[in-house]
Amino acid sequence: MAKDTQQEKTINQVLIEQLMLNVGKISQVIETQGKNIFCQANILSRDEINDYSLEFLELFVAFLQAGKEIDRRGNEFKALRQFFTTFSQQIQVRGGTLEEFVRYIQFLQGVMLAEMESDQGLSFEQTKGVLLLLASVFNDIILDVFHIYLGEREKTISAQQDELKEVSTPITEIWDGVLTLPIIGTLDSSRTMMVMERLLSKIESERSKVVVMDITGVMAIDSQVSHHLIQMIRAISLMGADAILTGIRPEIARALTSLNIDLGGVVTRSTLSEGLKEAFRILHIEVSSVGR
């Protein structure tokens with residue numbers, strides 16, 4: 001009779017009973033393992049792990065009590081996923097890794113399975129049902145966490161790339177009305193658009209009259225890079241400013257010649273200092289030594 005009653009229980013009821021009967025033992029095992037994973041690396045304190053362990057058990061029981069079937073749109077399942085989302089973000093902020101967090105989630109799943117094995121009254125179908133339920137829930141949670149980590153990683157890489165681009169193309173007002181733009185590396189389409197947008201905004205905000213573009217740091221030039229340079233020079237002209245191109249090394253000059261790039265209308269000077277002198281001449285600025 002007792003066995004028939006056991007057979008009538010739903011998978012959720014079986015898990016709830018196991019959790020209720022062994023909550024103290026399960027909680028202690030979860031806390032101990034959590035400390036082994038997170039405390040040794042000083043990612044979480046013991047009190048935080050205890051709080052997280054208790055909150056997880058409460059949310060998991062509430063989720064099991066919500067219905068016979070998994071309702072991924074239900075509030076209880078959303079609360080459980082949100083708990084792990086917040087938990088994983090905190091781990092990441094404190095320097096934890098995805099591997100540590102996944103190990104913790106797999107351990108939670110393992111604790112449930114260990115308690116199930118100790119229950120001799122479960123049928124094969126119930127055992128299979130519990131396994132499928134736990135695998136489904138925890139796989140969903142691991143996928144969520146994985147997407148969060150990937151999203152955060154992409155944000156970090158994107159921010160680093162933006163910072164690198166900012167550093168690699170510093171636009172500086174070196175004198176009233178005179179901007180300098182040293183270009184280092186390769187000019188591709190995306191970088192050209194970013195530099196041009198920043199440069200034109202700077203010309204507008206500073207009411208600049210002359211821009212000295214120094215390409216000493218450009219190692220190689222092809223037709224595409226040349227096209228981008230001409231584009232920037234034309235854009236500067238459209239803003240009412242003069243462009244001066246400096247730092248054209250011999251190999252760059254030979255490349256421009258072989259590509260039949262017409263720089264006839266572009267003011268060029270050999271060095272940045274010569275470019276600045278030309279800028280001062282255009283602005284009718286005379287620089288002299290003190291006392292001269």
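Predicted model: local features only at pLDDT ≥ 70, side-chain atom pairs only at ≥ 80, totals over all residues.

Colleague: Fine. Which residues have the most contacts inside the largest nonpolar core?

Modeller: Phe38, Phe56 and Phe60, in a core of 41 residues. The elements giving two or more residues to this core are α2 (11-21), α3 (23-39), α4, α5 (75-93), α6 (98-117) and α7 (124-168).

Colleague: And which element gives the largest share?

Modeller: That's α4, with 9 residues.

Colleague: What does Phe56 touch, then?

Modeller: Leaving out neighbours within four places in sequence, phenylalanine 56 is in contact with Ile30, Leu80, Phe83, Phe84, Leu108, Met112 and Phe138.

Colleague: How many residues are in the second, separate core?

Modeller: That one has 30 residues, including Ile183, Val211, Ala235 and Leu256.

Colleague: Back to α4. How far does it reach from its first C-alpha to its last?

Modeller: Helix α4 covers residues 46-65, and its 20 residues reach 29 Å, close to the 28 Å expected at 1.5 Å a residue. Its buried residues include Ile49, Tyr52, Ser53, Phe56, Leu59, Phe60 and Phe63.

Colleague: Some of those look three or four apart. Why would residues at that spacing point the same way?

Modeller: Because an α-helix has 3.6 residues a turn.

Colleague: OK, α5 next. Which of its residues are buried?

Modeller: Phe77, Leu80, Phe83, Phe84, Thr85, Phe87, Ser88 and Ile91. Just after α5, glycine 95 takes a positive phi of about 95 degrees.

Colleague: Switching to charges. How many salt bridges does the structure hold?

Modeller: There are 6. One of them pairs the side chains of aspartate 144 and arginine 81, at 2.5 Å from N to O. Aspartate 144 is in helix α7 and arginine 81 in helix α5, so the pair ties together parts 63 residues apart in sequence.

Colleague: Is Asp144 buried or exposed?

Modeller: Aspartate 144 counts as buried because its relative accessibility is 18%, under the 20% cut-off. Arginine 81 is partly exposed at 24%.

Colleague: What about glutamate 125 and lysine 128, how far apart are they in helix α7?

Modeller: They are 3 residues apart, so about one helical turn separates them. Their side chains meet in a salt bridge at 3.6 Å, N to O, and lysine 128 is partly exposed at 37% relative accessibility.

Colleague: Which residues do salt bridges with shared partners join into one network?

Modeller: Arg269, Glu278 and Arg281. Between arginine 269 and glutamate 278, the closest N and O atoms are 2.9 Å apart. Glutamate 278 is buried, with a relative accessible area of 8%, while arginine 269 is partly exposed at 31%.

Colleague: Now isoleucine 230. What does it touch, not counting residues up to four places away in sequence?

Modeller: Ile261, Asp262 and Leu263. Isoleucine 230 lies in helix α9 (residues 223-238) and counts as buried at 14% relative accessibility.

Colleague: Last one, the surface. Which residues make the nonpolar patch?

Modeller: Ile174, Trp175 and Val287, giving about 280 Å². Isoleucine 174 is found in strand β1 (residues 172-175) and is partly exposed, at 41% relative accessibility.

Note on methods:
Residues numbered from 1 in each chain as written. Heavy atoms only, no water. Patch = residues over 30% accessible without salt bridge, like charges linked within 9 Å, V, L, I, M, F, W, Y side chains within 5 Å. Areas by Shrake-Rupley, 256 points an atom, 1.4 Å probe, with all protein chains shown as cover. Salt bridge = Lys/Arg side-chain N within 4 Å of Asp/Glu carboxyl O. Helix = DSSP H or I, 4+ residues; strand = E, 2+ residues; numbered from the N terminus. Buried < 20%, exposed > 50% of the residue type's maximum accessible area, 1.4 Å probe, protein only. Expected span 1.5 Å × (residues − 1). Core = buried A, V, L, I, M, F, W, Y, C linked by side-chain atoms within 4.5 Å. Contact = heavy atoms within 4.5 Å.
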